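Please look at the structure before reading on.

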Amino acid sequence: MGHSNPTKSQLLEELSQLRSELATVKLMSEKRTHELYVSEERFSLAMRGANDGLWDWNLETDEVYYSPRWKSMLGYTEIELKNSINTWASLVHPDDKNVVLEKARDYIDGRKDSFEAEMRMRHKDGHEVYVLSRAFLVTRESDGKSIRLVGTHVDITERKKAETFDSKYAEILELIAIGRPASDIYDAIALMYEARHPGMRCSMLELSGNKLLHGGAPSLPKEYCKAVHGLENGPSVGSCGTSTFTGKRVLVENIDTDPKWEKIKHFALPHGMRCCWSEPIKNSNGKVLGAFGMYYNHPALPSEKELKDLISAARLTAIVMERDQTQKRIHTLAYTDELTGLASRASFIQHMEEITKASSRYSRRFALLYIDLDDFKSVNDSLGHDAGDALLKTIAQRLMNTCREIDFIARLGGDEFCILIDEVEEDYAANVARRCLEAISQPVEIYSRKLMPACSIGIAYYPDDGKNLSALLKAGDTSLYTAKENGKNQYAFYKAELTQKTEYRFQIEQSLREAIEKQQLSLVYQPQVNVNTGKIFGVEALSRWYHPQLKHIPPVDFIATAERIGMIKPLTEWVLRTACSQLVAWKKQGFYSLCMAINISPSLFLDQGFVLLVQRLLDEVGIAPSELELEVTESVVQTDPRNLSIFQDLKKLGVLLAIDDFGTGYSSFASLKHLKADFLKIDKYFIDDMLVDNKALTLVSSMIEMGHKLGYGIIAEGVETLEQLEMLKRLGCNTVQGYLLSEPISADKILTLHNSEIHKDIFSQHQLNKMV
């Protein structure tokens, strides 16, 4: 079935109809274009009215239109910034960029129904601007594809600052509630207001009496804080000093020109501070506690907002400052004895527990001195309790003057006091006890009556006498009553033998000064004999002390005391002079070629004047340096390298040097590398065991062989048997000394021994034994 061709009239009719439809489409398109234009114009006007920034992102080209308001929000002009997505990417905070892009992608891809994001963007001058962004998608009608994302930027910086401020404020209130230290809270308050007002620096000063004390100022220079700390307030002492004095707000626009700053502006100006506003900090009763200060680096008066914050900051700080001062008063009442100002019993117990834990952890020792006034009741009974209180105050002051700052002194109650002492050296606690006895026993006048107070003291040691609070207090109390039973006005240890030992050492200390000053000591001499010739090579001078009451006092006791009380140098000078003078006397009696050996304290090898002392004595007495042998322990250079220089100076002087007790140090052979000595003295410890212990024998043999190879003479100490003598000679030892040859004897007996040659008989017996 075929189709007939349309007639001309039909074609004209269809063309007319098509034109009509096209006109309709054009009309609709123009209408839609107009509507879109009107809509966009209205949207743009709405954005301007809302003060929002507009952006239009072409998703196909990544071109972005940024409205003038969008740019000005970040400090840029209309002609600045390129229309690219990279512009936004370069301005958004790095931590926020990916989060925002992910939200946009979720919205574009249909995973989310809307787009809204908060972000931080960098202003042209460097500060951050918080922005809230919302957007909608524009799609193509033909295929429904998303082609544009159009949105707005709203500046929410002030809102975010307010939220941050409120959050920080809540945190500070929590810090106050949980009792954090005031200094921490002061810093938090300052930083909170400084964040709210960029460029501002805040400070809090506390008023103590009429002095301004640094409370908190985390952003102010330490030099400035140090300079104003301790200033007295007044009508012209800066903003804070004036406000604490008047109790009123002080607003200084220009520090450089304001008369209130004239006296102290040189503290502020070098650090850039140009204005300062201060609000007095007052407690709930209106008393001025301090001042809150705000500073800028430019002259200015506060805006309405800044003024409100100044007042708010002072009120918030007042809560902290009042709480802190209340807590300090409570602590003072609880832990300070109201009458004497010493630590209270509660404070003593707390400190005792702390020091016990620390001493247990670090294996340390401390002493407890338990003090009780003798016959204090009679003062109260005869003169009244006011007089008794006055006496207790005097005693407390005397105890504080007697002890070190680190010693802990407390009043337990009534007339009982306690002192806790870290034992820095032997007998220190006993020395403190003696000083306390002497200080307290000084006369005191109370109500026109002269009193002669006295006390008894018990001494107990941790952990020796008690390993906890109650045990140590019991030991201290027991030793206190021992002191009272022994006659009062004295001290006693918990262990009786300690009291006797300490008293003995104290008597030595008191008598030794006089003995040295008046040269009441004496010297004995022990011969050092050449193994090969049997002749006396030299003698070692040894000090002795006979006391009328204490009888013979061992050198180990009085030499250690001389070290402790600083008398070792005069003692050594006396020994050197006496021994060298004796050497001259022997020479006059025909005893030549003799060397005088003298032990020297290691402490003198830190004294730069010791070499000069030796030089002066040699010149005054008149002996050659080579006739004097100074014996020192190898620890001299192992403990302090400074000793080495004095050691070397003595060698330059020509004095002979011997290493005493060789082999007992930690690095005996290593020390030989540094010490240019003449002799090694092998300690008696090795000589005693060498015949029964192969290891000891090997060590003695090694010392002798090593010493010879390094050019040292060898002296063996403590030789007491012929068998030891024979072994030493076989090993190549040069010189010996010990009781086999002679005990330490007087100068006259040395001369007799030399003349009679008794020592040669010993060596003859040695030869006889060898032949047999």
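Two residues are in contact here when heavy atoms lie within 4.5 Å of each other. The model is predicted.

## Two helices side by side

With that cut-off, E158, Y169, I172, L173, L175 and I176 of α5 meet K305, S312, L316, I319, V320 and R323 of α10. The axes of α5 and α10 are 11 Å apart, and the packing angle is about 15°. Angles under 35 degrees count as roughly parallel, and α5 and α10 are therefore roughly parallel to each other. Their crossing is left-handed.

## Helix α6 and its cover

Helix α6 runs over residues 182-196, 15 residues in total. From first C-alpha to last, α6 reaches 21 Å, close to the 21 Å expected at 1.5 Å a residue.

Which residues of α6 are buried? They are A182, I185, Y186, I189, A190, M192, Y193, E194 and R196. Among the elements that cover these buried residues are the helices α5 (157-178) and α10 (304-335). The cover also includes the strands β6 (201-208), β7 (211-216) and β10 (288-296).

Strand β4 (residues 128-139) pairs with β3 (residues 115-122) in the antiparallel sense, over 8 bridges. In this pairing, V131 of β4 stands opposite M119. The hairpin of β3 and β4 has 5 residues between the strands, and G126 takes a positive phi near 110° there.

β4 also pairs with β5 (residues 146-155), again in the antiparallel sense, over 9 bridges. A135 stands opposite G151 in β5. The hairpin of β4 and β5 has 6 residues between the strands, and G144 in the turn has a positive phi of about 75°.

Note on methods. Residues are numbered from 1 along each chain as its sequence is written. This is a predicted model: local features need pLDDT of at least 70, side-chain atom pairs count only at pLDDT 80 or more; totals for chains, interfaces and linings use all residues. Side-chain values use heavy atoms; hydrogens and water are left out. Two strands pair if DSSP finds at least two bridges between them. Helices (H or I, at least four residues) and strands (E, at least two) are DSSP runs, numbered from the N terminus. The expected span of a helix is 1.5 Å times one less than its number of residues. Buried means under 20% relative accessible area, exposed over 50%, partly exposed in between (1.4 Å probe, protein chains only). Axes are lines fitted to C-alpha atoms, for helices over the stretch in contact, and angles run from 0 to 180 degrees between N-to-C directions. Angles under 35 degrees count as roughly parallel, over 145 as roughly antiparallel, 65 to 115 as roughly perpendicular and the rest as oblique. A crossing is left-handed if the near helix is turned anticlockwise from the far one by less than a right angle, and right-handed if clockwise.
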